[in-house]
Amino acid sequence: MGSALLNTVNTFGESFVNASELLGRYEFTEAEAAGTVRLLGLRSGETVVEAGCGPGRFAQALAAHGFPVIGVDISPEVIAIAERRHPGPDYRVMDMADLAPGSADALVNVYSSFGYCETAEEDTAVLRTWWRALRPGGRLLLELSDLERAQKRLGPGAGTVHRSTNGVQEEIRMDWEQQMLHVSYHLDGRRLDCRTRVYSRDQLLESLRTAGFTDVDCFGGFDGRAKSPDDRLVLVAHR
């Protein structure tokens, strides 16, 4: 399939991984993987695909529960990191829009690894590919920061938010009209820019249903709690 992307192939490579570690994004990986197992109702022997697996932390944590896990990412750089730092899963350099039909019982996409295509229509086409990749009865877990959370944390103004955490400088700007999040990370003299299209819950529900998914459940975390404006959004959709 291959979609036009908002960012370069290796945008989320080693520099981004290092910044994310310093920002504490992987602090609760094991608990979040355990929550994923519960929310998806994973059964022994079921194959799990992590689309956009990044450095492999989450894929390895899922594999620790005894499931065969395939981690796919478009970046050769980040797949090399995953194989080196978090071995165990079957890692593959692949566009997550190119998953083969019927290749998984469950599919996970976490840490806001969705919304990277040039158009919203291409993002929906990715969801359609994921629907086809799941076997009958398959489930998708999608975890990301939604528009409600962005509005709560950034406010409606058009200014740039500056943050500093553990040596990582962040410049965050939201284009509300285009629903496009622009983030610049500064670490060790290097600058990394990335863009992400941010969706509302209703937009995501509509896109999932357009792609063929049914019975979509919404949560405010991997523990299954109700969503509040401050929470990231977790969606579990059934094929």
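Predicted model: local features only at pLDDT ≥ 70, side-chain atom pairs only at ≥ 80, totals over all residues.

Reader: What is the bridge partner of Asp73 in S3?

Author: Asp73 has Val93 as its bridge partner in S3.

Reader: And which helix packs on the sheet there, touching S2 and S3?

Author: Helix H4, residues 76–85, packs on the sheet and touches S2 and S3. The direction of H4 makes about 165° with that of S3.

Reader: Zoom out. What is the strand order in the open sheet of seven strands?

Author: The order is S3-S2-S1-S4-S5-S11-S10, and the pairing is mixed.

Reader: Which are the edge strands?

Author: Strand S3 (90–93) and strand S10 (214–219), each of which pairs on one side only. From one strand to the next, the twist averages 15°.

Reader: Where does H5 lie?

Author: Across S1, S4 and S5. H5 runs at about 140° to S5.

Reader: OK, cores. How many residues are in the largest nonpolar one?

Author: The largest nonpolar core has 29 residues. Leu107, Phe114, Trp130, Leu140, Leu204, Leu208 and Leu235 are those with the most contacts inside it.

Reader: Which elements give two or more residues to it?

Author: The strands are S1 (48–51), S2 (69–73), S4 (104–109), S5 (134–144) and S11 (233–238). The helices are H5 (120–133) and H7 (201–211).

Reader: Take Leu140. What does it touch?

Author: Leaving out residues up to four places away in sequence, Leu140 touches Leu40, Leu107, Leu127, Trp130, Leu134, Leu208, Phe213, Leu235, Val236 and Ala237.

Reader: What about another core?

Author: Another core, of 23 residues, lies apart from the largest one. Its members include Cys53, Leu141, Val234 and Val236.

Reader: Different topic. What is the order of the four strands in the other open sheet?

Author: S6-S7-S8-S9, with antiparallel pairing. The edge strands are S6 (161–165) and S9 (190–197), each pairing on one side only. On average, neighbouring strands of this sheet are turned by 20° against each other, direction ignored.

Reader: How many bridges do S7 and S8 pair over?

Author: Seven, in the antiparallel sense, between S7 (residues 168–175) and S8 (residues 180–187). Asp175 has Met180 as its bridge partner in S8.

Reader: Which helix packs on that sheet?

Author: Helix H1, residues 14–22, touching S6, S7, S8 and S9. The direction of H1 makes about 85° with that of S8.

Terms used. Residues numbered from 1 in each chain as written. Heavy atoms only, no water. Core = buried A, V, L, I, M, F, W, Y, C linked by side-chain atoms within 4.5 Å. Buried < 20%, exposed > 50% of the residue type's maximum accessible area, 1.4 Å probe, protein only. Contact = heavy atoms within 4.5 Å. Pairing = 2+ DSSP bridges. Axes fitted to C-alpha atoms, helices over the stretch in contact; angles between N-to-C directions.
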